[in-house]
Amino acid sequence: MGDSLFQLPDELLFTTLSQTFPCRDAQIRAVAILLHPHAAPCRNLVIHGTEATGKSAITAALLQALQDDTEKDEPLLRYVIINSAECITARHLYESTIAKVAEALQWSDGAARCDSVSQMVVELSKMLKYPSYPDNFRFVLVFDGIDRQREAPITLLPALARLSEIIPCISSVFIVTSPPASFLRTCFVPCIEFPNYTKNEFVTILNTTSLPMAPLPTTTIQETTELWARFTGAVHDALARAASRTLPALQHACTSLWPRFTAPILAGTHAPREFSKLMVAARVHFQDESLLDPGIVAVRSYSSSSSSSSSTTTTTTTTTTTTTTTQAQAKDNTTALPSAPPSQANTPRKAQSTTTTPSKPKATAKPLVSATTTDLSTLLPPTARLLLLASYLASHNPTRHDLVLFSTFHHGRRRRRGGLSVGMGRGGHRGAQSKHRKIARKLLGAHAFVLERMLAIFMAVRGEWDPKWLDQESSSREMDADIEMAIATLASLRLLVKVGGAGAGGMAGDQMDRGGKWRCNVGWEVIRGLGRSMGVEVEEWLIE
């Protein structure tokens with residue numbers, strides 16, 4: 001019996017690639033079958049998936065492994081990868097394709113200029129169609145990110161998909177993000193999806209590729225491994241949806257937070273098995289955006305401004321001193337500046353000489369540390385800030401008081417909480433202090449509210465909190481797309497959490513349903529600072 005026409009690659013090849021790229025065994029086998037010369041090679045193949053799912057890396061590593069595997073007998077597979085991000089025009093793409101194919105085949109007569117797909121087909125035919133190659137020879141053209149090609153003609157993708165009809169030995173692979181239906185305008189094309197990683201897959205990959213090499217000084221290797229597995233799961237739950245949605249971002253977050261998370265263990269205050277206490281101690285680090293992406297969220301450091309101010313003060317004091325006593329004091333002041341607080345470091349000591357002209361204390365007593373860019377009042381636009389304040393009022397005020405707080409029908413102005421915080425005594429006399437004290441509502445947990453109620457509060461207080469809104473025409477004061485976009489932004493940042501209605505908990509439905517229930521996920525201290533940044537005292541709008 002002769003050799004079988006269908007022959008899979010060596011199983012050792014799959015094992016090696018599966019160890020290098022965990023949780024992608026099914027995709028690796030599918031791509032290998034559709035590209036291997038002895039398996040079931042196809043003319044066109046579409047590989048699609050979102051960012052950082054391993055499409056390009058797995059395709060490149062698999063093709064290199066298949067090429068090395070077929071080199072044992074005779075060269076049956078060659079490939080080139082054309083990255084569209086490196087091609088600024090369609091002509092650049094054509095010329096890059098011809099140059100890389102000529103380099104892979106060691107062809108010396110390649111064209112230096114190519115203006116169209118037709119000319120590219122002619123040049124590829126000279127190198128792949130007319131020369132003699134072994135039977136089952138395949139040449140794979142990988143177009144990475146072809147859906148983002150700049151200045152691409154509308155016929156580019158259908159033309160590339162028909163290359164195999166003219167040159168039979170070509171297999172074209174298109175790596176895209178989200179392929180539209182029939183975007184290649186050809187017959188059935190196999191598609192392989194690289195889906196997003198699940199939580200278990202994230203944890204498995206991080207435990208395989210990013211596990212700390214050395215155990216903690218006070219723990220064993222097993223304890224460090226178990227702690228790292230629970231830590232990566234906690235980082236995924238806290239940051240995967242809002243900030244670190246891709247594998248590289250989550251890996252960077254784990255690498256940045258791990259030394260801060262294990263600091264109490266090194267200090268001896270907590271044991272490795274006290275995971276809950278470690279999470280409470282590291283809560284502030286999980287809320288610091290600068291640890292995730294310091295290039296975007298830049299926090300101004302105190303050391304740079306302090307050193308510049310110290311050098312200025314030292315220079316002024318030294319140049320205006322004429323006696324030995326004043327010089328000694330300036331020297332002492334210079335050595336004490338780096339460790340002194342801002343109020344002392346910026347104020348020079350009073351000189352004892354009558355000819356000394358000290359620097360002005362008022363000019364150097366200005367605060368050096370400004371507000372960081374991680375504050376919500378800096379990061380959020382005005383509409384999102386107003387919606388967040390309205391959601392806090394909807395979460396902490398009873399529904400029965402909305403008419404008194406926000407209505408202007410009877411009084412022409414909103415009463416806020418005037419007269420509402422004073423209770424009735426048991427004797428019926430106003431002002432009598434009740435024996436049963438209630439906890440302030442701002443200290444209690446946030447309650448769920450209907451989205452329509454929050455929007456009504458927002459429209460009621462917007463005219464008072466945002467005077468610029470009153471200057472607009474009456475036709476432009478209605479609900480617009482900016483409000484819907486601001487709500488979606490707050491929901492994506494987990495500042496607003498949906499707890500009921502359609503679309504809650506990952507269920508199918510409209511996220512912006514007016515009947516859905518939401519909850520404000522921001523504390524009192526943040527809301528008070530956010531309100532004061534806009535000139536609003538939120539405490540005046542709360543019913544106690």
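Q: Where is Glu11 placed, and what makes that element a helix?
A: Glu11 has its place in helix 1, and the name comes from DSSP: helices are runs of H or I with at least four residues, strands are E runs of at least two, and both are numbered from the N terminus. This is a predicted model, where local features need pLDDT of at least 70 and side-chain atom pairs count only at pLDDT 80 or more, while totals for chains, interfaces and linings use all residues. Residues are numbered from 1 along each chain as its sequence is written, and side-chain values use heavy atoms, with hydrogens and water left out.

Q: Why is Glu11 called partly exposed?
A: Its relative accessible area is 41%. Buried means under 20%, exposed means over 50%, and partly exposed is what lies in between (1.4 Å probe, protein chains only), so 41% lands in the middle class.

Q: What makes Glu11 and Arg29 a salt bridge?
A: Their closest N and O atoms are 2.5 Å apart. The rule asks for a side-chain nitrogen of Lys or Arg within 4 Å of a carboxyl oxygen of Asp or Glu, so the pair qualifies. Glu11 lies in helix 1 (residues 11-20) and Arg29 in helix 2 (residues 25-35), so the bridge ties together parts that are 18 residues apart in sequence. C-alpha to C-alpha, Glu11 and Arg29 are 9.9 Å apart. Arg29 is partly exposed too, at 28% relative accessible area.

Q: How do you know that Arg91 and Asp115 count as a salt bridge?
A: N to O, their side chains meet at 3.6 Å, so they pass the salt-bridge cut-off. Arg91 sits in helix 4 and Asp115 in the loop between helix 4 and helix 5 (117-128), 24 residues apart. Both are partly exposed: Arg91 at 35%, Asp115 at 41%. They also belong to a network of salt bridges that links Arg91, Glu95, Arg113 and Asp115.

Q: Why are strand 2 and strand 5 called edge strands?
A: The open sheet has 5 strands in the order 2-3-4-1-5, with parallel pairing. Strand 2 (77-83) and strand 5 (191-194) each pair on one side only. From one strand to the next, the twist averages 15°.

Q: What makes helix 4 a neighbour of the sheet, and how is its angle defined?
A: Helix 4 (residues 90-105) touches strand 2 and strand 3, where contact means heavy atoms within 4.5 Å. Its direction makes about 150° with that of strand 2. Axes are lines fitted to C-alpha atoms, for helices over the stretch in contact, and angles run from 0 to 180 degrees between N-to-C directions.

Q: How do you know that the span of helix 4 is close to the expected one?
A: Helix 4 has 16 residues and reaches 23 Å from its first C-alpha to its last, against 22 Å expected. The expected span is 1.5 Å times one less than the number of residues.

Q: What covers the buried residues of helix 4?
A: The cover includes strand 2, helix 5, strand 3 and helix 6 (156-161). Among the residues buried there are Leu93, Tyr94, Ile98 and Val101.

Q: Why is helix 19 called mostly covered?
A: Of its 15 residues, 14 are buried. Across the protein chain, 41% of the 544 residues count as buried.

Notes: Two strands pair if DSSP finds at least two bridges between them.
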